[in-house]
Structure formats: structure tokens, C-alpha cells
Amino acid sequence: MTAAVLLAAFALGAIGWFVARARARLLYAGRESMHSMPVYHAWHLALWVVLPALVVWGLWSVIAPPIVDGVVLASPAGTQIPTDPVQRAAILSEARGIAADPSFIGFYDQSSTIAAPMRAAQARFGLIGTVLMALAALAGGGYAWTRVTGRFPARTRVERAVMLTLLAASLLAILTTLGIIGSLVFEAGLFFRDVSPIAFLTGLHWAPANAVGDDLNANFGAVPLFWGTIFIGAIIAMIVAIPLGLMSAVYLTQYADRRARKVLKPVLEILAGIPTVVYGYFAALTVAPFIRDLAASLGAQNPSTESALAAGLVMGVMIIPFVSSMADDAIAAVPRAMADGSLAMGATKSETIKKVLLPAALPGIVAGVMLAVSRAIGETMIVVMAAGAAARLSLNPLESMTTVTYQIVQLLTGDQEFNSPKTLSAFALGLVLFVVTLILNIIALRVVKRFREAYE
Amino acid sequence: MPEAKLPDSKLTARNVDVFYGDKKAIDDVSIDIGNGVVTAFIGPSGCGKSTFLRTLNRMNDTIAGARVTGQILLDGEDIYDRDMDPVALRARVGMVFQKPNPFPKSIYENVAYGPRIHGLAQAKPEMDAIVEKALTRAGLWNEVKDRLTDAGTALSGGQQQRLCIARAVAVSPEVILMDEPCSALDPIATARIEELIEDLKDRYAIVIVTHSMQQAARVSQRTAFFHLGKMVEYGDTDQIFTNPREERTKDYITGRYG
């Protein structure tokens, strides 16, 4: 029904487009000068048909349902249903379901008794809405029709409409981000009403399951999580990713001939396209048992199946393409003259790379590493599958450890009370993660920008 | 084929061809480059003068697909011989580029770079002496002696180019190749570099590629004119500019094309 009405609005717009163009062409033929080409008049009129209709539709779909509900409740059957707001809302919602699909079976008996008045009211107000839309489309179209004249600047109007559409699209993304930040801050704020931020950020004991009553502050110390995150994402993963990524970037930019580069670079980039779940399997099923067996054969007592090392190693492999492609860009951005200068002094290729190219590319490389770190600490699947759940402050990479992201998953999955400190702490953790990655990204982008300017 | 034998030839090229892939960039060039004189290569853009210059210290080796045939001798040794190490060769044949390209290091480290990789100094005082000498020769010492730790890139364009000359001089080369060293500089900085070339010419064989005929006339004693990958004429600078033997040289010098 709704789809048909919207389609009709667009069809009307399309008709308007052709009509306006035909009219403008006639004017064009009859007169020597027109401000805009006929096609702009066509678009102008089509927009004036479609947009008012869409606006009316949007408003009506907000306004109409409460009115429908009111009418249904005022009907003889409607007066029978309970006054408790929660029950009432549930019954109304079920009635809507039955109205849409008669085979739907509600939990409340009253739902089926008010389904008929519901359907009638919906049809009535749907019709009113359709009529309003048609009126808006015709009014808009009529206005635009009077503007199909020689002097009317349809072209500039249409250009402005295009600009506003693009602006709206970009604002939508920004607003979404702001909305996410807003909800994160709001929920974290609720958490910090119960738990002091200082205890949260500096406490060494993490046991949200035990947290009841007065010992909240003692059980929400997130330092072990931060440590696990840093140890896995920023230390172990980077020990793998930085040297390998850097060396592969140096090989690809300096040593590989064109054919090797053509094959190797895409293959390396495929690594970046592998879903993280797949890395997670690999970490949990292949790497972690291997590390456990290795640890056992080296004499470790009771090595854990899940280990920070397994998660960190696999995460490092996952990050290699990031480091490598950022380093690749940074090295490629160093002017060739710089390397030539060194070679012309009689430096060897590796001396040139070590002493001139890498120092010159260093800011770009550092920025790449920071972006890689920010990605690693936000990574979830690998740690969920391979790092374990124990919030532990330890330097032993063979022990299981937990991270911020893993705990967020734990806290928010399954049956949870939504307003308990335990659940809300997930938002506080998310906020910390968000702030840290944001800072890393900002610094990295700044560094890259400065670096670019230096060579332009 | 005009060929000028010099009594104390430092570099000798015989029948040199250079190819980039299938394209022939240099066609059968033979030239003797003298010690203690400045030799200028002139010619219109794309005539191959820079390409030929880069064959003299094997910088073309770093370009994929470049190939050199013929013979180039440095003090009688074939520089394209299997046994010749391009790294050792480039220590003997230094190069200064079109755009100043100091390394992203301090002024001191820029100059010390070459001596360090070639192990020319054992201790810090020795290195200090090399750096000072090189900067003095390049006419830069007085301007930078109080800020040797500043970044080389913080200097002005002309100073950067003199730093690059100091850098090349620091490894005590026998030949210095200059590839349009003033094309990115203003007239005052250019004049300083030209004075410097005059000061340096007694110690080194200097080869300079230049776009500017006036510059060639001012700084060089010998001039070679290149056109379309061939060396058209080679002789004393005075003779080339006042009384060219070849019609094409005359056309270029009088500004018919270029």
C-alpha cells in the first residue's frame, strides 16, 4: 500500500518531468532567450512534485499512528481493553499485526476484537494521507508549472537542490557518528553514577559478575583489561606486524621487479580482506593448540589452551597489510632524488634504505603503525576466540588474558538487565576504547599530513 | 666524427650507446674529458646530455631497462667491466643533482654520510676535519659552522645545493658530475655556485650539464653540444660559442631552436 503510494508519487514526478520539458521546449522554440535549458525546468518541476509528497508522507507516518490508536481505543471494542499502558501498547501492537496479516495470532484475546476497527481506521487514515500527498504533489507541481518561463533560473535552483542533497548525505554520516558518541557517553555516564571513574580506570580487579551492593568500586577495576588489550594488540601483534610489514614494504618498493610486485602486492592485500572470524578460527584451532603443545614440551606446567600469544600472533599477521601498505606509501613518497643522492655517494642499496629512505619515511611509517595499533586494539573476533576470558595482569604471554573488546562482548550477550552496572560497564569500556583509538587516529593523520607537506 | 683527444684525459668514452628498453637514447658518443677543466654538456631538452652524464658514474644502473654499450674508461679502467664495483666507482665519480637533495639529517651528518659509509674517518676529530674541509671547499663553512646540527633541509635552496656539493666533495672524488645544478636556484645563488665551480676545477674533473648557454660559456673550458642523442660537436668553449664548425651547433647557439 505505502509502496504503491510512493511509487505513484515518483510516477507523477516523472510525468511532470516530461510535461515541463515539453513546455519549456515550446518556449525555447518561440523565444530567442531562455535562462535555463528545458531539461532543468523538467527537473525543477519533477522535484517540486516529488519532494512535497515525500515530506507529507514523512509527516503523516509520524502523525497518523497515534490518531489511529486513539480512534481504535474510542471504538466500542477499544473501550474494553485494559488501561495499563504497557499492556495497552502490547495489545495495540498485536492488533496492528493482525490487521496486516489475519493469520497472525496474538497473545491477548482483545487483540483480535480490535483488529477490525484497527483495519478500518488504518484504511481511513491511509486514504487521507494519500489524498494529502496527492494535494501536496499537485500544489508543488502547479507552483513549478507557473515558473516554466524564459527568465526563471531553473538551472541554479536544480544545482542548489543537488548541492543540498549531497550535503544531507554527508551530514547523515556525521550525525550518525555524533549519535553513537552521544549514546556511548550517556550510557557510560549512567555507569559512572554507580562506579567512580578513578576506581574504574585504576582498579586492578575485574569481576563484574561478583559486583553487587557496596563493593562495586572494588570489582570494576579495568586495568587488567587495558593491560590485556595493550599486551595483545599493541605489543605482541606489533612485534609481529612492524618488522614483517616494514620489510615487505621495503622489498616491494625497492627490490621487487614490476612482475613480482604485480603478484605480491595484491596477495598481501588479500590478507586485509580475510574476515576476522576466519583469523579467529585460525588462532583458536591451529595457533593456540600449537603454542600450548610447544609450551608443554618446553616444560610449562598446565599451559593454557587460550593464550595472549596466540591471539597476538594472529592479530599481528592480520595487521601486516596495514603496516606494509602505509609504509609502502611513505617510502614511495620520498623523492627519488634523495635515494639517487645516496647512491651517487657510493652507498649500497641497503645502506641507502637504512640510512636515507627509512629515516625520511619515518613519520609516515609511525603514522601507519599508529593506525595499525588503533585497529588492533579494537579487534574483537580473534581475541574472543583465542585470548580467553581471564582478567589477569601478567607478563606471561602463554597465559590466557582478556581484552576490552572481549569483555564488551561478554557483558552484552545473553540475558542481561539493561540498567545494571554490569551491563553499563560495557559502555564505559567502549568509551575508553573509542577515545583511545580516536586519539591515535588524529595523531596519525596529523603526522601524515605534515609529512606530505614536507615533500610537496 | 669530431673527436678531441686531450693530453691528460680523465674519462674516455668510446662508441657509447644507451638504450632505455628498445629506445636508443644515446647514439655512438665518443669523448675525452680532461682533468682540471670544466666540461659543459649543452643541448635542447631530451637531447641525451643528462643520460650520458649518468652513464659516467653508472647511475643509469638504477633505472630498470637501461642498457649501456661501448666503452667508458676512468684512468684507463673500464667502468662497465665486470670487476668494477659501481659503489666504489661512485665514490670516485661524485654527482650533484638538478634539485638540491639533502638527506633528512643534520648539516654535519649530510656531509659525514659519504665518509662514514666508506670508512674514511676512524674517530670523531678526523670526521670533524673532513666535514669542515668539505664545507669550506663548498664555500658554506662560514654560513653554517655555528649550526651544524640544524637540519640540512632548513637551509635556503642555494645553501642546500652547496651542501650537496660539500657532500660530494667529502669523499674526495676525482670527478664531479653536475646535472643542471642551478636550474632550481635564483640568479644570486647561481652566481655563488658558478664561483664555486671555478674554485673547484683545479682539483677535480668537473662535468656540468646545463640548459643555459651563458652558464656554459661562463664556467666551462670545453663544451660538447648534444642533439637527438648524438654528440654533434665538442671543442674549446670559446671556439664552440664564437666559431662553431657544425651548422646545428650554430643554429642552437644563435637561438634558432632549443
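Student: What is the bridge partner of L73(B) in strand 5 of chain B?
Tutor: In this predicted model, L73(B) has D78(B) as its bridge partner in strand 5 of chain B. Strands here are DSSP runs of E of at least two residues, and helices are runs of H or I of at least four residues, both numbered from the N terminus.

Student: How many bridges join strand 4 to strand 5 of chain B?
Tutor: There are 2 bridges between strand 4 of chain B and strand 5 (residues 77-78) of chain B, and the two run antiparallel. Two strands pair if DSSP finds at least two bridges between them.

Student: What do strand 4 and strand 5 of chain B form?
Tutor: They form a hairpin with 2 residues between the strands. D75(B), in the turn, has a positive phi of about 50°.

Student: Which sense does the pairing of strand 1 and strand 4 of chain B have, parallel or antiparallel?
Tutor: Antiparallel: strand 1 (residues 9-20) and strand 4 (residues 66-74) of chain B pair over 8 bridges. In that strand 4, L74(B) stands opposite L11(B).

Student: Before I go on, how are the numbers and letters assigned?
Tutor: Residues are numbered from 1 along each chain as its sequence is written, while chains are lettered from A and ligands numbered from 1 in the order in which they are written. As the model is predicted, local features need pLDDT of at least 70 and side-chain atom pairs count only at pLDDT 80 or more, whereas totals for chains, interfaces and linings use all residues.

Student: OK, the open sheet in chain B: what is the strand order?
Tutor: The order is 6-7-8-3-9-10, an open sheet of 6 strands with mixed pairing. Strand 6 and strand 10 (230-236) of chain B are the edge strands, each pairing on one side only.

Student: How does strand 6 pair with strand 7 in chain B?
Tutor: Strand 6 and strand 7 (residues 175-179) of chain B pair in the parallel sense over 4 bridges. M178(B) in strand 7 is the bridge partner of V96(B).

Student: Switching topic. How many residues does each chain give to the contact?
Tutor: Chain B gives 22 residues and chain A gives 17 residues. Residues are in contact if their C-beta atoms, placed from the backbone, lie within 7 Å.

Student: Which elements of chain B supply at least two residues each to the side that touches chain A?
Tutor: Helix 2 (86-92), strand 6 (93-96), helix 3 (107-117) and helix 6 (157-169) of chain B do. The largest share comes from helix 2 of chain B, with 4 residues.

Student: And chain A, how many helices and strands?
Tutor: Chain A has 17 helices and 0 strands. Its radius of gyration, taken over C-alpha atoms, is 32 Å, well over the 23 Å that the globule rule gives for 456 residues, so chain A is more spread out than a compact globule. That rule is 2.2 Å times the number of residues to the power 0.38.

Student: What does the C-alpha trace of chain A span along its principal axes?
Tutor: About 80 × 70 × 40 Å.

Student: Which domains is chain A divided into?
Tutor: Domain 1 (2-152) and domain 2 (208-454), with bounds from an automatic or database domain assignment. The centres of these two domains of chain A, taken over C-alpha atoms, are 51 Å apart.

Notes
Two residues are in contact if their C-beta atoms, placed from the backbone, lie within 7 Å.
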